[in-house]
Amino acid sequence: MEDSGRFDEKSFSNGDVYIGKIKGILPHDKGKYTWSDGTVYEGDWEGEKMIGKGLIVWSSGAQYEGEISGGYLHGYGTLTTPSGCIYRGGWSMNAQHGIGLKKYSNSDVYEGLWKEGVPEGSGRYTWNNGNMYVGNWKNGKIDGRGVMKWGNGDTFDGFWLNGLMHGSGVYRFGDGSLYIGTWNKGLKDGKGVFYPAGSKHPSLKLHSQHYGDDNGFLLNVEKHVAPIPKARVKRSLSESIPVISRFKSFRQISHTQRTSSLNMNLIAHDPAHDLARDCACDESSLTLSNSFDEDQPEASGKSTLVYEREYIQGVLILERISECSESSRKNKQQNKFSVKQVKKSSCLDSFKGRRSYYLKLNLQLGIRYTVGKITPVPAREVRSSDFGDRARIRMYFPRAGSKLTPPHCSINFYWKDYCPMVFRNLREMFKLDAAEYMMSICGDSGLRDLSSPGKSGSIFYLSKDDRFVIKTVNKSELKVLLNMLPKYYRHVGDHENTLITKFFGLHRIKLRGGKKVRFVVMGNVFCTELQIHRRYDLKGSSQGRYTSNDKINCNTTLKDLDLKYEFHMDKKLRESLLKQISLDCKFLESQHIIDYSLLLGLHFRAPENLKAFVEHRELVQHQESSPSGDEGELMIFPKGLLLVSHEPSIVNTAPGPHIRGNTLRAYSMGDNEVDLLLPGTARLRVQLGVNMPAQATRKLQEEAKEVELFEVYDVVLYMGIIDILQNYNMKKKIEHAYKSLQFDPMTISVVEPKMYDERFIKFLEEKVFPETP
């Protein structure tokens, strides 16, 4: 046997050579191994493995010097490739991992965090043309909060998604002009404000505080575009890194190759950013953002000329020039202050701010307790007693905790949960998992505050994943829901495609001093991966059903007289929709409920097809002259939309806005179940009120035209019936209902729910979803 620690030279039959210390028959301590292909390792050994520090020189010319563990590049080291690319930093199992600096052969430099061979986390990338990005990365792409500075002086501070500007942001041009707005996957989408060069800019530090808001402004400028290639720059930097693998025996020493690649997708021609989610970025990523104001030129006067713009998927659809002076802004602030001072307060006003936080925390504690208590109960059919006055869960939540409740940092409160077994079965009926329900509402992410879209003064909360809306209700509304709950339970059980609001829980919090706040948990109609560009609350009425222009923003819910579109859809889809609306209205009629609404959301598609002008008469003539065949194809004219046969294994089956429901059948697809294919975006399951494709037409108001002209838009529709907790016997509702029936001049003496239902359905059939000519 060879002596321990002896220095020796050993040759192998495959041409490999080892020179160094050997312990037994294995390398030990220091040694140099040369493979037959010319690859050389010189460094530390332990047994058959390279462990410690060493130098590897591959036959290709690549070289690594640094720490190695178990035959892998692991620890800290420097890799130099034949092309001149140098990486210096952390390694894990042959991949860049941790903090590192990489200089590419084209002189680009990235310094920051790496994960499994690609940038992930905070980092700084500098291009050889002078462009620089500081911010967050994910899977090798710009993703999250970050600042991009171009060589021409333009700067963008905002959010990114998969290498594209996505969400709210601020774009500062080299000439001093400024745009504040939002983007959607690299395209301007929504409302924004453009400040020309020389005008007085708002404080950008204030705008940076809005980055956590999903509904920020939109940034965009037409004339000041950074000079960049027309198409997306897709770049792949790859180097083959041969690495020595683990050895099964000393004679089987070999080396393998690992390829690490950095794929970066950037939109350089159209600076846009999106804050789709809250992402943390280290302080260095904010240095460019904070420097925006440093060199901002002073305005020539106190007057500010601004351009209010609105885009839909990159297409400018509206621009309004406005001028506001410093004094007018102060006056507006004073007016707002005075209005707040004289505004009549309600019991809910006292819960704004810190108390709103307590309400949300109490609500989360109560729901977590209730769901946790009712879920283990064996499943069974509901009984009449489950709807009664005794069907309640009551609990006291002292701040210090009790035998049944945990300690918490809120204020002491009493909790009441109404009809827990009924709502538990409803959640199961809507295919909602109890754990998912609790995580969505009671998770660490918390609830978001929403401003009330109506005049009820209710407080609205939205779950972090957008699936649930929580609304405060008054005592009379709570009674309406409890009275209708038995028949509501049967109705949604019989009609799984119902458009009526989905209710998941009804609760009450009683605070110190006897104040009671009641909450109802509902499904969010607009829970979708697509952006909702327009929202409408439709009642089939003309009485006060419009919105003033000065009150309209990207989040405004518009009304009947604001709707300028008609929606044409596949014949079968339209029939299914109107049939279910009729069934739902008959149910509401039986409960003496009036004044409900159809909440309608529009997602516009395909910017290149956004303004397709159609001559109505020629279109009708073309249809009449078309050869007989599948006439259903004429019911919808897909451009940015396409109906395809339903394939459950391909579409996303995660619970959506309606939580459950059949896949719809389309006449144009031979009465088969269909999915909606959005080219380049997604494949979505078509359900009633969810992912419904249509064409929106708007008649152009032009005189002296022999032919009627229409604007045609491809849209995806989302809808649900809301505001169903007010019946016509409630105080002050008869007069309101009377007015709401005056879509056309008429005189009635008594308001009945049936009248409202008939008029509402007629309005939808004739004005909103008319038959295709």
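Mentor: A crossing of two helices is right-handed if the near helix is turned clockwise from the far one by less than a right angle, and left-handed if anticlockwise; by that rule H8 passes H11 in a right-handed crossing. This is a predicted model, in which local features need pLDDT of at least 70 and side-chain atom pairs count only at pLDDT 80 or more, while totals for chains, interfaces and linings use all residues. Residues are numbered from 1 along each chain as its sequence is written, and side-chain values use heavy atoms, with hydrogens and water left out.

Trainee: Why is H5 called roughly parallel to H7?

Mentor: The axes of H5 (residues 420-429) and H7 (residues 475-494) come within 11 Å and cross at roughly 15°, which makes H5 roughly parallel to H7. The crossing of H5 and H7 is left-handed, and the contact (heavy atoms within 4.5 Å) includes Phe 423 and Leu 426 of H5 and Tyr 488 and Val 492 of H7.

Trainee: How do you know that Arg 424 and Glu 428 meet in a salt bridge?

Mentor: A salt bridge requires a side-chain nitrogen of Lys or Arg within 4 Å of a carboxyl oxygen of Asp or Glu, and for Arg 424 and Glu 428 the N to O distance is 3.0 Å. Both residues lie in helix H5, four residues apart, about one turn of the helix.

Trainee: Why is Arg 424 called buried?

Mentor: Its relative accessible area is 6%, and buried means under 20%, exposed over 50% and partly exposed in between, with a 1.4 Å probe and protein chains only; therefore Arg 424 counts as buried, whereas Glu 428, at 42%, is partly exposed.

Trainee: What makes Asp 389 count as exposed?

Mentor: Asp 389 has 66% relative accessibility and so counts as exposed. Asp 389 forms a salt bridge with Arg 392, their closest N and O atoms being 3.8 Å apart, and Arg 392 is buried, at 15%.

Notes: Axes fitted to C-alpha atoms, helices over the stretch in contact; angles between N-to-C directions. Helix = DSSP H or I, 4+ residues; strand = E, 2+ residues; numbered from the N terminus. Parallel < 35°, antiparallel > 145°, perpendicular 65-115°, else oblique.
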